[in-house]
Amino acid sequence: MIRIVPAALAAALLASLLTTAHAADTPPREPYGIALEGFAYPYPVHQLPLVNDGEQLSMAYMDVAPAQPNGRTVVLLHGRNFPSSYWAPVIKMLNNGGYRVVVPDQIGFGKSSKPAGELHFDTLARNTIALLDHLQINKADIVAHSLGGMLGVRIARAYPDRVAHLVLTAPIGLEDYRLYVPPTPTEKIIESEDELTADGYRKQLQTNYAIKLPPDAITPYIDARFNIKGSPDYPRWLRAFVSSGQMIYREPVAHEIPLVTEPTLFIMGADDHNAPGRPLAPDALRAKMGQNAELAKALAAKMPNARAEVIPNTGHLVFLEAPEKYKELVLGFLCR
């Protein structure tokens with residue numbers, strides 16, 4: 001025993017030293033910047049200088065050309081909780097079909113500037129049209145997801161001559177959330193969002209979005225949010241993120257959707273019952289929220305040129321969960 005114990009201690013000490021040496025050789029990952037510096041996008045990112053409410057800002061975008069152009073352009077509009085990089089498989093799908101694909105990060109999101117002021121759908125719509133003007137694109141098809149669906153509606157209403165087709169992929173805003181959820185002060189939401197952990201955020205996404213993807217598939221997007229916490233500019237990012245939630249609540253588009261005249265396709269996940277703010281709604285009203293597939297069908301029936309398709313066994317990330325069916329629906333619709 002006298003000889004064994006020192007040997008065991010020596011082995012343990014050596015293992016500890018080796019672990020420490022390895023840690024020293026492997027520097028910790030740098031936190032992302034609030035413009036997602038350090039987070040890779042699938043295609044080169046460009047910047048468009050803009051002025052919103054007197055503030056100098058920069059709008060990030062990808063502009064991806066097809067190998068065999070068909071002369072048409074699709075603009076992809078992202079949701080609130082994901083950077084525009086998540087459109088990668090849809091970009092490839094559309095490129096293969098001959099479409100030029102323009103993919104902006106709206107101001108306040110992704111690799112774009114985080115403004116000091118509040119976000120508004122009208123401002124984001126003007127920014128998107130300014131990007132089309134910059135790229136000399138007179139008319140485009142719009143394919144939008146989630147919050148991007150609300151923005152797509154606002155663009156189609158304000159600039160109908162610039163929109164050829166509108167695809168609303170699992171859009172939010174199909175109901176007026178103010179009818180169910182009481183208003184919440186911005187500072188209270190900031191405090192709540194700041195206390196959220198990465199595990200809590202994962203559970204939130206899985207619950208709200210009924211995600212049918214493997215856990216590893218959404219890890220990069222959880223990292224994209226929580227690695228920002230290491231940035232000294234994190235409070236600025238957080239305020240912009242909360243402003244986007246207030247924008248959803250304060251600037252509904254549900255009443256405008258029936259007035260859209262451009263050809264419109266709703267693509268809904270049957271299991272998608274996402275309804276921003278639902279946990280804050282009274283019990284009696286909460287259960288009525290988020291009947292998104294039925295809401296899409298009802299709205300499409302009121303529109304002059306629209307239809308709704310519901311994909312079984314899919315949630316909010318329908319284009320990632322059912323890519324082949326999504327491809328069939330989108331390409332078939334855009335060819336009309």
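Me: Which is the crossing of H2 and H12, left-handed or right-handed?
Reply: Names first: helices (H or I, at least four residues) and strands (E, at least two) are DSSP runs, numbered from the N terminus. A crossing is left-handed if the near helix is turned anticlockwise from the far one by less than a right angle, and right-handed if clockwise. For H2 and H12, the crossing is right-handed.

Me: What kind of model is this?
Reply: Residues are numbered from 1 along each chain as its sequence is written, and side-chain values use heavy atoms, with hydrogens and water left out. Local features need pLDDT of at least 70, side-chain atom pairs count only at pLDDT 80 or more, and totals for chains, interfaces and linings use all residues, in a model that is predicted.

Me: At roughly what angle do the axes of H2 and H12 cross?
Reply: Axes are lines fitted to C-alpha atoms, for helices over the stretch in contact, and angles run from 0 to 180 degrees between N-to-C directions. H2 spans residues 88–96 and H12 spans residues 323–334. Their axes come within 11 Å, and the crossing angle is roughly 45°.

Me: What does that make H2 relative to H12?
Reply: Angles under 35 degrees count as roughly parallel, over 145 as roughly antiparallel, 65 to 115 as roughly perpendicular and the rest as oblique. The angle of roughly 45° therefore makes H2, relative to H12, oblique.

Me: Which residues of H12 make the contact?
Reply: Contact means heavy atoms within 4.5 Å. From H2 come Val 90, Met 93 and Leu 94. From H12 come Tyr 326, Lys 327, Val 330, Leu 331 and Leu 334.

Me: Which element gives the most to the lining of the second largest pocket?
Reply: On a 1 Å grid over the protein atoms alone, a cavity is a set of points where a 1.4 Å probe fits but cannot get out, and a pocket is an open set with protein on both sides within 12 Å along at least five of seven lines; lining residues have an atom within 4 Å of a point. H2, helix H11 (318–321) and H12 each supply at least two lining residues here. The top giver, with five residues, is H2.

Me: What volume has the largest pocket?
Reply: Grid points are joined across faces, edges and corners, and a volume is the space filled by probe spheres set on the points. The second largest pocket holds about 230 Å³. The largest pocket has about 850 Å³.

Me: Which residues lie nearest the centre of the largest pocket?
Reply: The lining has 33 residues. Helices H5 (186–195), H6 (198–209) and H8 each give two or more of them. Nearest the centre are Arg 80, Glu 193, Pro 276, Gly 277 and Pro 279.

Me: At roughly what angle do H5 and H8 cross?
Reply: H5 passes H8 in a right-handed crossing. Their axes come within 10 Å. The angle is roughly 120°.

Me: What does that make H5 relative to H8?
Reply: The angle is roughly 120°. That makes H5, relative to H8, oblique.

Me: Which residues lie nearest the centre of the largest cavity?
Reply: The count comes to one cavity of 30 Å³ or more. The largest cavity has a volume of about 200 Å³. Its lining has 17 residues, and those nearest its centre are Arg 80, Asn 81, Pro 83, Gly 110 and Trp 237.

Me: Which element gives the most to the lining of the largest cavity?
Reply: Two helices give two or more lining residues: H7 (215–226) and H8 (234–250). The most, three residues, come from H7.
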